[in-house]
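Visitor: I would like a close look at one part of this structure, the helix packing and the core beside it. Please take me through it contact by contact.

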Amino acid sequence: MTVTTQDHDDLAYNVFAKACPSRGTLEHVTGRWGGLTLGALYEGPLRFNELRRRVDGVSEKMLSQTLHALERDGLVHREAQPTNPPRVDYELTPLGRQVAERLLALIQCVEGAMDDVLASRARYDETRGAL
């Protein structure tokens with residue numbers, strides 16, 4: 001499906017417009033940690049440390065910031081249990097599940113094409129010199 005400028009002009013929000021608030025949400029969703037966090041939570045609710053282990057390489061600080069942004073955007077629900085020690089679970093909201101489904105389709109597409117991507121990188125590096 002081709003989306004034209006006219007199609008975007010008819011929408012209430014236009015991510016291509018500098019002042020559109022959807023840009024911030026798109027950044028939260030498509031940023032490295034946001035996309036991986038949403039993908040990990042698609043499998044079901046996780047506690048903070050479980051999520052941190054699942055999203056290999058994310059720092060505690062970055063995961064915390066990512067979760068706050070996704071919660072603020074209405075994509076992630078945070079539930080604190082009144083236990084000792086405190087237990088906090090994170091799960092996708094219905095909107096978060098919709099977004100995560102689309103991200104996972106993209107992730108599967110990229111993973112499935114990695115042989116081609118790696119071959120392309122090798123050809124590029126061979127002709128232009130490795131970076």
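Guide: Start with helix 2 (residues 22–30) and helix 3, which pack at an angle of about 65° with their axes 4 Å apart. Helices are DSSP runs of H or I with at least four residues, strands are runs of E with at least two, and both are numbered from the N terminus. Axes are lines fitted to C-alpha atoms, for helices over the stretch in contact, and angles run from 0 to 180 degrees between N-to-C directions. Helix 2 is therefore roughly perpendicular to helix 3, a label for angles of 65 to 115 degrees.

A word on the basis. This is a predicted model, in which local features need pLDDT of at least 70 and side-chain atom pairs count only at pLDDT 80 or more, while totals for chains, interfaces and linings use all residues. Residues are numbered from 1 along each chain as its sequence is written, and side-chain values use heavy atoms, leaving out hydrogens and water.

Now the residues. From helix 2, H28, V29 and T30 meet R32, G34, G35 and L38 of helix 3; contact means heavy atoms within 4.5 Å. This set divides into 2 nonpolar, 4 polar and 1 charged. Here Ala, Val, Leu, Ile, Met, Phe, Trp, Tyr, Cys and Pro count as nonpolar, Asp, Glu, Lys and Arg as charged, and the others, Gly among them, as polar.

Helix 3 also packs with helix 5, at about 75° and with axes 10 Å apart. That angle makes helix 3 roughly perpendicular to helix 5. W33, G34, T37, L38 and L41 of helix 3 meet M62, L63, T66, L67 and L70 of helix 5. The contact has 7 nonpolar residues, 3 polar and no charged.

Next, the core. The largest nonpolar core has 21 residues, and L38, L41, L51, L67, V76 and Y90 touch the most other members. Such a core is a set of buried Ala, Val, Leu, Ile, Met, Phe, Trp, Tyr and Cys residues joined through side-chain atoms within 4.5 Å. Buried means under 20% relative accessible area, exposed over 50%, partly exposed in between (1.4 Å probe, protein chains only). Helix 3 gives the most to this core, with 4 residues. Beyond its neighbours within four places in sequence, L67 contacts T37, L41, F48, L51, V76 and Y90.

Finish at T93, in the loop between strand 3 and helix 6. T93 is buried, at 17% relative accessible area. Leaving out residues up to four places away in sequence, T93 touches G74, L75, V76 and H77.

Key: Angles under 35 degrees count as roughly parallel, over 145 as roughly antiparallel, 65 to 115 as roughly perpendicular and the rest as oblique.
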